[in-house]
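These are my notebook entries on a two-chain model, taken in the order in which I looked things up. I began with strand pairing and then moved on to helix packing, domains and the chain contact.

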Amino acid sequence: MSIGGGPLDTGALAAIERRAPPPRRSWRDEGGLRSLSIAAVSSIVFFTLLGVAIVNAPGWNEVRDYFFNGEIFSYSMPKLVDAFTLNIQLFMTAEVLILVLALVLAVLRSLPGPVFFPLRLVATIYVDFFRAVPGLLIITILGFGVSGLGLAGVPTDPFIWAVVALTLVYSAYVSEVYRAGIESIHPSQEAAARSLGLSRVQALRYVILPQAVRRVIPPLLNDFIGLQKDTVLVSYLGIVEAFREAFVLQAAKFNSTPYVALALIFLVITLPLARFTDWLVARDRRRFMATAR
Amino acid sequence: MTAPAGTTDAAASGPALEVEGLWKSFGSLHVLRGIDLALADHDVVCLIGSSGSGKSTLLRCINLLDSIDAGRIVVKGAEITARGVDVNTLRRRIGIVFQSFNLFPHMSVLGNVTLGPRKALGLPGVQADAQALELLGRFGLADKAREFPDRLSGGQQQRVAIVRALAMSPDLLLLDEITSALDPELVADVLDVIRELAYGGMTMLIATHEMGFARDIASRVCFLDHGVILEQGTPAEMFSEPREARTRQFLQRIIEAGRL
């Protein structure tokens, strides 16, 4: 409120901003067409030059045979696709567990008050630990160490330990994403929920988490892409997933084309998800612009 | 839902609200310095005073959204600041409407209004919906039930927030500068709603900068200054012949700003 010629209140400022002229769309569209053609021409020139430089490099023929051998490519592709189903099983199983465990961790870390200090402490140590130690070490230690104990009831299937290790490591990251989302929700939302007589848990369940999770879907998908790629790490446990299969094929033929083939498989799986993430971000931004009147 | 923790049975008696010796500080900043205030049933009390005088903090303390440092708050004979009371149960009986609406943006208007009745009171969905639609209709919002808050004007959003508080059938309604974030042309709609509630006998404690409104509607006006109620009286007394120099000074500034 402005009293006696004080500064304008925010409502008045917003009203002034609202009167700003609309962007000059026609000018921008013309610019868009022009920059599009410039981008096309410069891309063609750039990639042509790059291609010419590579093909004329002194070692190109050897490299081509070693990495881009068509025969070996078509021989190894079906085997790699077959092995890749194991990677898919790995990341689908782990992702479900990660989303649940990470949410629990994030909620624990967000609990206020001194009573919940031990829970916050445990969750914080967990997150610190699993973010600090390389995932490959966790996989190796769990896969060889724990299953090597030979304890009754402890599974020895390396697939299980691979899922456990990936879940532990990625939950630490994903819980931080969730937590950022929870903390981005303004405290007035909780106040409004509590003022209706909702308990703290109910406020979290019905008001805060639904908004927080929606807000962090793009970064969650980002971590999901990371997880997909990191499934190759479990090849260290002797699991014959796609990377292990590529390694075997490479060793048998003394040719690295299977690695290139595998890279293509990952691209095909990952790129749509990456574009989908971009689309979600853009949609959210548009929606925000539309509503931030 | 669990039964109220033994507080409501004894609660039928006593004034709607009693605040005694309420102190509240944030760090070294003493925001409330011994507030005494009583509201009888159907009272409409307006809190006036400059920004930072403690109006909002007082309302938040009464709704237990902020803890208090000293003093007592008694609602219908039940001390709500006593140890071990069930704050969730108590809050259902005290509604609050905020300056910034604080609607839940991920829920429709109907979802906003029914959340409290469904989750805190345990009302079945059908019943909560029917009650909410009836209330929304009473305040001219029936056609907005399925809309999301970001599709509504500020005035409509604030009316939804009022309906949301009313859906809990509170004994006492706290209004925290509910028109301060609104464009001037939207203020009247919201104030009309409050006026209707006042005629309907709702007990209300209202922090406001709308002096004309306070003069019309209040059964009593309290002037808050640096965390104490410096002066209180009927609107006629307060606006025509205030006793305290600080009150006169404050009202003078309001008149100069063209708000009275």
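**Entry 1**

I started at β4(B) and strand β5 (residues 78–79) of chain B, which pair in the antiparallel sense over two bridges; strands here are DSSP runs (E, at least two residues) and helices are DSSP runs (H or I, at least four), numbered from the N terminus, and two strands pair if DSSP finds at least two bridges between them. Before going further I noted that this is a predicted model, in which local features need pLDDT of at least 70 and side-chain atom pairs count only at pLDDT 80 or more, while totals for chains, interfaces and linings use all residues. Residues are numbered from 1 along each chain as its sequence is written, and chains are lettered from A and ligands numbered from 1 in the order in which they are written.

I then followed β4(B), residues 70–75, to strand β1 (residues 17–26) of chain B, and found the two joined by four bridges and running antiparallel; here B:Val19 is partnered by B:Ile73. Which order do the four strands of this open sheet take? I read it as β2-β1-β4-β5 in chain B, with antiparallel pairing. Because β2 (29–39) and β5 of chain B stand at the edges with a single partner strand each, one side of each is left without a neighbour in the sheet.

Helix α1 (residues 55–62) of chain B lies across β1, β2 and β4 of chain B and runs at about 115° to β1(B). For such angles, axes are lines fitted to C-alpha atoms, for helices over the stretch in contact, and the angles run from 0 to 180 degrees between N-to-C directions.

**Entry 2: the six-stranded sheet in chain B**

Next I looked up an open sheet of six strands in chain B, ordered β6-β7-β8-β3-β9-β10, in which the pairing is mixed. Its edge strands are β6 (94–97) and β10 (228–233) of chain B, each of which pairs on one side only, and neighbouring strands are turned by 20° against each other on average, direction ignored. Strand β9 (residues 220–225) of chain B is joined to β10(B) by five bridges, the two running antiparallel, and B:Phe223 stands opposite B:Glu231 in β10(B).

**Entry 3: helix pairs**

In chain B, the axes of helix α3 (residues 109–120) and helix α5 (residues 154–166) come within 8 Å and cross at roughly 25°. That makes α3(B) roughly parallel to α5(B), since angles under 35 degrees count as roughly parallel, over 145 as roughly antiparallel, 65 to 115 as roughly perpendicular and the rest as oblique. The contact is made by B:Val109, B:Asn112, B:Val113 and B:Gly116 of α3(B) with B:Val160, B:Val163 and B:Arg164 of α5(B), where contact requires C-beta atoms, placed from the backbone, to lie within 7 Å.

In chain A, the axes of helix α6 (residues 135–148) and helix α7 (residues 158–184) come within 9 Å and cross at roughly 140°, which makes α6(A) oblique to α7(A). By class, this contact has eleven nonpolar, three polar and no charged residues; Ala, Val, Leu, Ile, Met, Phe, Trp, Tyr, Cys and Pro count as nonpolar, Asp, Glu, Lys and Arg as charged, and the others, Gly among them, as polar.

The axes of α8(A) and α9(A) come within 10 Å and cross at roughly 130°, so α8(A) is likewise oblique to α9(A). There A:Gln189, A:Glu190, A:Ala193 and A:Arg194 in α8(A) meet A:Ala203, A:Val207 and A:Ile208 in α9(A).

**Entry 4: domains and the chain contact**

Chain A is divided into domain 1 (24–60) and domain 2 (80–291), with bounds that come from an automatic or database domain assignment; 37 Å separate their centres, taken over C-alpha atoms.

Lastly I turned to the contact between the chains, which takes 23 residues from chain A and 30 residues from chain B. On the side of chain A that touches chain B, α1 (10–18), α8 (187–195) and α9 (200–215) of chain A each supply at least two residues, and the residues of that side divide into ten nonpolar, eleven polar and two charged.

Methods:
Contact = placed C-beta atoms within 7 Å.
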